[in-house]
Amino acid sequence: MTDTTQTTGKTVYFLTSAEGIEAVELTDPWKAVTEAGHTARLVSPEGGEVQLFNHLDKAETRTADGAVAEVSADDVDVLVLPGGVANPDALRLDEKSVALVKAVHDAGRPVAAICHAGWVLAEAGVVDGRRVTGFDSIETDLRNAGADWVSGESVVVDGNLITSRNPDDLPAFNGAILEALEHGAAAPQG
């Protein structure tokens, strides 16, 4: 894999599909982890260019550092799943992406999902019996996957799962990611 952000510290992988990524939900946590001295890497199912969006309008593109198949859970200190609607919807259909999320979770490493990215957690089968939050429209999906849905909290940390509702919650979401990088995560539940 090509390391596009050379720093010391731990390695944070950002997993996205090829398009539909809510720009600020990638760029803001990316900036937080790199400014804290950690390495950020972007992976997508096929690698190559990914298209970010500002809600429904195209924004910048970024080039992934590699494809999901090139990443092992052992490579990941924290896995971040940005939202948007199309991005996590596409990811939950990609077997390798779902397998990576499950492997990182099962290894006890933090997995952070914001907005609609909770769909990927549900598909990976890691939310049963866990406290989570996300964008309001995915509440039923996460409850149906066995999650204990929390509303009214900007970030919910349950063991090694970090979930957040929307871009307004990015300060709390970023803080929880940095806390997990500093102190590790509690053992996965369930």
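**Charged and aromatic contacts in a predicted model**

Trainee: Which residue meets the side chain of Arg131 in a salt bridge?

Mentor: The N to O distance for this pair is 3.4 Å, within the limit for a salt bridge (a side-chain nitrogen of Lys or Arg within 4 Å of a carboxyl oxygen of Asp or Glu). The pair links distant parts of the chain, 22 residues apart, with Arg131 in strand 9 and its partner in the loop between strand 10 (148-149) and strand 11. Helices (H or I, at least four residues) and strands (E, at least two) are DSSP runs numbered from the N terminus. The partner is Glu153.

Trainee: Good start! What kind of model is this?

Mentor: Residues are numbered from 1 along each chain as its sequence is written, and side-chain values use heavy atoms, leaving out hydrogens and water. Local features need pLDDT of at least 70, side-chain atom pairs count only at pLDDT 80 or more, and totals for chains, interfaces and linings use all residues, the model being predicted.

Trainee: Is Arg131 buried, exposed or partly exposed?

Mentor: Buried means under 20% relative accessible area, exposed over 50%, and partly exposed in between (1.4 Å probe, protein chains only). Glu153 has 32% relative accessibility and is therefore partly exposed. Arg131 has 32% relative accessibility, so it counts as partly exposed.

Trainee: Which residue forms a salt bridge with Asp158?

Mentor: Here the closest N and O atoms are 3.6 Å apart. Asp158 is in strand 11 (residues 155-158), and its partner is 28 residues away in the loop between helix 4 and strand 9.

Trainee: Which side chain does a polar contact of 2.9 Å join to that of Arg130?

Mentor: A polar contact is a pair of N or O atoms within 3.5 Å; within protein, one must be able to donate a hydrogen and the other to accept it, and residues adjacent in sequence count only if both atoms are side-chain atoms. For Arg130, the side chain in question is that of His105.

Trainee: Asp94 is buried; which side chain of opposite charge is nearest?

Mentor: Asp94 is in the loop between helix 2 (86-91) and helix 3 (95-106), and its side chain has a polar contact of 2.7 Å with that of Ser97. Lys and Arg count as positive, Asp and Glu as negative, while His and the chain ends are not counted. Asp94 has no salt bridge; at 7.1 Å, the nearest side chain of opposite charge is Lys96.

Trainee: Are the rings of Phe14 and Trp30 stacked, edge-to-face or tilted?

Mentor: The structure holds 1 aromatic pair. Rings of Phe, Tyr and Trp (its six-membered ring) pair if their centres lie within 6.5 Å; planes under 30 degrees apart count as stacked, over 60 as edge-to-face and the rest as tilted. Phe14 and Trp30 are both buried. Their ring centres are 5.1 Å apart and their planes lie at 40°, so the pair is tilted.

Trainee: Which residue has its charged end over the ring of Trp30?

Mentor: A charge sits over a ring if NZ of Lys or CZ of Arg is within 6 Å of the ring centre and within 35 degrees of the ring normal. Arg92 lies over the face of Trp119, at 4.3 Å from the ring centre. Over Trp30, at 5.4 Å from the ring centre, sits the charged end of Arg62.
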